[in-house]
Amino acid sequence: MEFRAPSAAAERNAGAIAYLTKDLNDPEAGQRIVGGLINRLGNSVRRYPYWHPILTAPQQDDDAHVTSMAEVKIYGLCDHTIEFVRGFVTCPYSDKRADELVEAIEDVPGLHAYRLDEPLYQEGTFPVVVYAHEIELEADGTIRSRDAIALFAQQIVKNAQRAQVGETWWNMRSLILGQPHGSRSSLFVNQHAGLHMRKILEALNNSGMFGPVLEDSLDMLSQTKRDAINELLLRTALKNWDKQSREFEFELRGEICNAGIRDTWDDGMELSIRVAIGKNALSVSGFYEAATDRLTYQEPRGKRAVAVKFT
């Protein structure tokens, strides 16, 4: 489905308001507070892009590559957290924890924290707002394009020092754009910024600075094509199975396919199937219900040049 930022924002904001106010004695007062947070911090989001200051500003003991708040030690005091484009609100259950969090955040360059006077989530909480004060928003609610591109570029070059492989846009898209997202935009970045981020990644990959490029995601193919790949390979494996071997090979469209089939529960009701081509060229897996002749499967993974042979 095509990504529509206004619809995604409306859905996320409605969910944030409901989550933070439904168990309050005065939900309407809480709704006004959350509405004010949305005006100040931007739309509610699901996950930050890995270059966002909320993730990169806190000092990590081992300079680890962080991709979520759960991996940032300083946020261990957070509780019942809702994320927004510029920052987040969290609802500790004690005055002490709230004060400790504010004090810790105020020592982080680029971040600011403050206490709210009223509870959110439920009575007896002590909400804290944390945000990246240098982040500015465009009229569409996304991060100012020049800033987003610069933050992304700084982080990706920094990560190159310990990279062993390059990764394609389709592998990295969720980490670069944040969630929710579309093919090249999200609630964090508009299409202009997303397009230039992709160009930067592809240029750096082409330079060889990360090493060989690892292809894995096939999200660039439509869902119909990805389903066709699964159906063709899994049903061909079933057709070539001798009903006894757990591992076997078959050839399809010029490729040697390594297949494995087993009775999932040893009752003849369901078969587990996997098919792989080469080391990382293409792989599919799923389950077959004999009674209904029905396949269910995971998303295929691998290289586009191989995958398109089976669409």
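Colleague: Where does histidine 65 lie in the chain?

Modeller: In this predicted model, histidine 65 lies in the loop between helix H3, residues 53-56, and strand E2, residues 82-84.

Colleague: Why is histidine 65 called partly exposed?

Modeller: Its relative accessible area is 33%. Buried means under 20% and exposed means over 50%, with partly exposed in between. Histidine 65, at 33%, is therefore partly exposed.

Colleague: Which residues does histidine 65 touch, not counting those up to four places away in sequence?

Modeller: Histidine 65 touches Tyr50, Glu71, Asn159 and Arg162. As for isoleucine 17, it is 48 residues from histidine 65 along the chain, and their C-alpha atoms are separated by 31 Å.

Colleague: Where is glycine 268, and with which residues is it in contact beyond its neighbours within four places in sequence?

Modeller: Glycine 268 has its place in the loop between strand E9 (255-263) and strand E10 (270-277). Its contacts, with those neighbours left aside, are Asp263 and Ala290. Glutamate 289 is 21 residues from glycine 268 in sequence, and 8.9 Å from it in space, C-alpha to C-alpha.

Colleague: Which residues meet where H6 packs on H7?

Modeller: From H6 come Trp169, Trp170, Met172, Ile176 and Leu177, and from H7 come Gly194, Met197, Arg198 and Leu201. By class, the residues of this contact divide into 7 nonpolar, 1 polar and 1 charged.

Colleague: What makes H6 mostly covered?

Modeller: In H6, 7 of its 9 residues are buried. These are Trp169, Trp170, Asn171, Met172, Arg173, Ile176 and Leu177. What covers them includes helix H5 (145-159), strand E6 (166-167), H7 and strand E7 (213-214).

Colleague: What follows H6?

Modeller: Glycine 178 follows H6, and the phi of this glycine is positive, near 80°.

Colleague: Why are H1 and H2 also called oblique?

Modeller: Helix H1 (residues 5-21) and helix H2 (residues 27-41) pack at an angle of about 135°, with axes 9 Å apart. Roughly antiparallel would need an angle over 145 degrees, and roughly perpendicular ends at 115. H1 and H2 are therefore oblique to each other. The crossing in which H1 passes H2 is right-handed.

Colleague: Which residues of H1 and H2 meet?

Modeller: Asn13, Ile17, Leu20 and Thr21 in H1 meet Pro27, Gly30, Gln31, Val34 and Ile38 in H2. This contact has 5 nonpolar, 4 polar and no charged residues.

Colleague: Which residues touch the most other members of the largest nonpolar core?

Modeller: They are Tyr75 and Val275, in a core of 75 residues. Another core lies apart from it, with 16 residues, among them Val34, Cys91, Leu120 and Val129. Beyond its neighbours within four places in sequence, valine 275 is in contact with residues including Leu233, Phe250, Cys257, Asn258 and Val284.

Colleague: How many helices and strands are in the protein chain, and what share of its residues counts as buried?

Modeller: The protein chain has 9 helices and 13 strands. Of its 311 residues, 46% count as buried. Along its principal axes, the C-alpha trace spans about 70 × 50 × 35 Å.

Key:
Residues numbered from 1 in each chain as written. Predicted model: local features only at pLDDT ≥ 70, side-chain atom pairs only at ≥ 80, totals over all residues. Heavy atoms only, no water. Contact = heavy atoms within 4.5 Å. Helix = DSSP H or I, 4+ residues; strand = E, 2+ residues; numbered from the N terminus. Nonpolar A, V, L, I, M, F, W, Y, C, P; charged D, E, K, R; others polar. Core = buried A, V, L, I, M, F, W, Y, C linked by side-chain atoms within 4.5 Å. Buried < 20%, exposed > 50% of the residue type's maximum accessible area, 1.4 Å probe, protein only. Axes fitted to C-alpha atoms, helices over the stretch in contact; angles between N-to-C directions. Parallel < 35°, antiparallel > 145°, perpendicular 65-115°, else oblique. Left-handed = near helix turned anticlockwise from the far one by under 90°.
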